[in-house]
Amino acid sequence: MIEFDKFVLDNGLRVLVHQDKSTPIAAFNILYDVGAKDESPEQTGFAHLFEHLMFGGSVNIPSFDTPLQEAGGQNNAFTSNDITNYYSTLPVANLETAFWLDSDRLLSLAFTDKSLEVQRSVVIEEFKQRYLNQPYGDVWLLLRPLAYQKHPYRWATIGKEIKHIEDAVMDDVKAFFHKHYGPQNAILCVAGDVDVEEIKSLTEKYFGDIPKRDKYVRSLEKEPEQKEYRELVVERDVPANAIYKAYHMCSRLDPDYYAVDLISDILSRGDSSRLYNALVKEKGLFTEIGAFVMGSHDNGLFVVTGKTAENVDVREADLAIEIELQKLVDELVSEEELQKVKNKFESSKLFGEMSALNKAMNLCFFELFGDAELVNSEFDKYSKVSPADIKKVATNMLRKTNCSNLFYLSK
């Protein structure tokens, strides 16, 4: 149970406070309701570029990192297709530094040509290193547009192509900031050995005067139901053949999400899981294999991926995966097997919630989903999933016509 207080400033900033007396380190997490899905198809990669630009200094504070480090803190950020999340951890005694830094860059980010050029170069280099020049690096540049035809999930957070970042001009950058970066589009959570009234005072002091902007209202094109099997075969200079099978699944907010997540655990969580047992240990078709869910705000993907053993035919290996998936459709999972993965989820959840930062992030995520209190009902929702639920969801999701299949072959 994560206990928290919540209040909202007049400018729309939502603030959550979790008191945790067990740690002298405070977590300061601020989530912005903007991700790659909010980009124009002709200007992709902007949400991620902006994540970098937010560390380029503000009008009053030329270096974001230096004051935080001098206060004994550290920071980072990440972008997804749904959100951009910034976080700092620092001693509770120096928490005001985080308020000062983050409020100033929200109020008056320094839009300088130098900052844009520096961060543009960083992002372009990241695009090349992680996505173009790394084995299997371009998988999501291939798999997303194969699975999605309409919805903006069809491009990765890095963007469709480097040219979109190369062509970004200052006016575009400023427009993106003013559209998405305002207090009404942000959720702040502070977790640690903190006093709620003091956090209210600090929040009002540093964020209260930041003007409210017009709330961006999304109108995203809905992804139509996939009704035919899709396949893409590519050859790359990689050490082993790989298979990526993507099935459309429900959104993170859907009641069926918990059954889908448990299906991924049944298939691939640990060495006793179904796919590892059958296809690695027993048949030796794969050297590694796994399944995972994309807990996207809109309808996401359920992905099964594996690297085949040497001299194994990829079609044979792919068929072996489908046979294992079909078992979830044809046969009820035993109560014992289902309870085992529920127990693993519970232990990992409890372990994860020992960190003040993880709690702060989770509270922000669930507040974005509709209500931070949802974080405390997760256990209950997983525990209520039955074998019949698993079968029903598997039957609907694991259809051949719902699959986009990427064969990633070694030259």
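Modeller: Ground rules first: two strands count as paired if DSSP finds at least two bridges between them, and strands (E, at least two residues) and helices (H or I, at least four) are DSSP runs numbered from the N terminus. This is a predicted model, where local features need pLDDT of at least 70 and side-chain atom pairs pLDDT 80 or more, while totals for chains, interfaces and linings use all residues. Residues are numbered from 1 along each chain as its sequence is written, and side-chain values use heavy atoms, leaving out hydrogens and water.

Biologist: OK, which residue in S11 is the bridge partner of Lys-245?

Modeller: Start with the open five-stranded sheet, ordered S7-S11-S8-S10-S9 with mixed pairing. In it, S8 (residues 242-248) runs antiparallel to S11 (residues 403-410), joined by six bridges. Across in S11, the partner of Lys-245 is Asn-405.

Biologist: How many residues apart in sequence are the parts tied together by Lys-215 and Asp-33?

Modeller: Their side chains meet in a salt bridge (Lys or Arg side-chain nitrogen within 4 Å of an Asp or Glu carboxyl oxygen), here at 3.6 Å, N to O. Lys-215 sits in the loop between H8 and S7, and Asp-33 in the loop between S3 and H1, so the parts they tie together are separated in sequence by 182 residues.
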